[in-house]
Amino acid sequence: MARAGLTTQRLVRAGAELADEVGFDQVTVSALARRFDVKVASLYSHLRNSQDLKTRIALLALEEMADRAADALAGRSGKDALAAFANVCRDYARAHPGRYAAARHPLDDATAAGSAGVRIAQLNRAVLRGYDLAEPDQTHAVRLLGSVFHGYVSLETAGGFAHSVPDSEETWVRILDALDSLLRNWPARP
């Protein structure tokens, strides 16, 4: 019998909060059971195991990011859309470091295909429509943006830019300027 008040959704949300507090790698069914002061076995009617919990947190994170990106991109194009999309990634990582890490959790093909990760990819490509890139250059640009955003955010949230000038915010703005310029002047294929 499942403990009253515990639902899969409530457990996943609590797991996401736990990930933000202690890190995504530290999230387990056992840690979640301690949070609710219940026995681990009482959670198995809602979750199969820690991998299932992590997958569900990843899906929640992707959904949250996709919703924020869709809202931020509405009515924008070109550099405005690029900056809005980039800022969603950065702001989400800063506000929810564990969930941001969860969004990079490997998913099986079927789960990934049904996730909001597909929407995020579509929104990323919508940003690039303002730059008139054809395939395969559009895919190269998607990979470039993902690498730059994730790389910068990962270094920044780890404190990599905390002790130097100019301020990280200034660098972020310059990076977005540089990306906009690169996307407007994408190199021709040889």
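The structure is a predicted model, in which local features need pLDDT of at least 70 and side-chain atom pairs count only at pLDDT 80 or more, whereas totals for chains, interfaces and linings use all residues. Residues are numbered from 1 along each chain as its sequence is written, and side-chain values use heavy atoms, with hydrogens and water left out.

The protein chain contains 9 helices and 0 strands, where helices (H or I, at least four residues) and strands (E, at least two) are DSSP runs numbered from the N terminus. The order of elements from the N terminus is accordingly α-α-α-α-α-α-α-α-α. The C-alpha trace spans about 60 × 40 × 30 Å along its principal axes. Of the 190 residues, 41% are buried; buried denotes under 20% relative accessible area, exposed over 50%, and partly exposed the range in between (1.4 Å probe, protein chains only). Among contacts (heavy atoms within 4.5 Å) with a separation of 6 or more, 70% are made by residues 24 or more positions apart.

The accessible surface of the protein chain amounts to about 10400 Å², and carbon and sulfur atoms account for 52% of this area. The chain carries 23 positive and 23 negative side chains, and the centres of the two sets are 5 Å apart. In this count Lys and Arg are positive and Asp and Glu negative, without His and the chain ends, and each charge is placed at NZ of Lys, CZ of Arg, CG of Asp or CD of Glu.

Buried positions of H4 include Leu82, Phe85, Ala86 and Cys89. The buried residues of this helix pack against H3 (50-73), H5 (97-102), H7 (117-129), H8 (137-157) and H9 (168-184).

The largest nonpolar core has 56 residues, of which Phe85 and Phe149 touch the most other members. Such a core is a set of buried Ala, Val, Leu, Ile, Met, Phe, Trp, Tyr and Cys residues joined through side-chain atoms within 4.5 Å. The largest share of this core, 10 residues, is supplied by H3. Not counting residues up to four places away in sequence, Phe149 touches Leu82, Phe85, Ala86, Cys89, Trp172, Leu176 and Leu179.

His105 is situated in the loop between H5 and H6 (109-113). This histidine is buried because its relative accessible area is 13%. With residues up to four places away in sequence not counted, His105 touches Phe24, Gln51, Lys54, Thr55 and Ala58.

Most residues other than glycine have a negative phi, and most peptide bonds are trans. A cis peptide bond joins Glu135 to Pro136, with omega about 5°, and Pro136 belongs to the loop between H7 and H8. Another cis bond links Val165 and Pro166, with omega about 0°; Pro166 is placed in the loop between H8 and H9. Asp37, in the loop between H2 and H3, has a positive phi near 55° and is exposed at 67% relative accessibility. For Asp132, phi is likewise positive and near 55°. This residue lies in the loop between H7 and H8 and is exposed, since its relative accessible area is 71%.

Note on methods: Areas by Shrake-Rupley, 256 points an atom, 1.4 Å probe, with all protein chains shown as cover.
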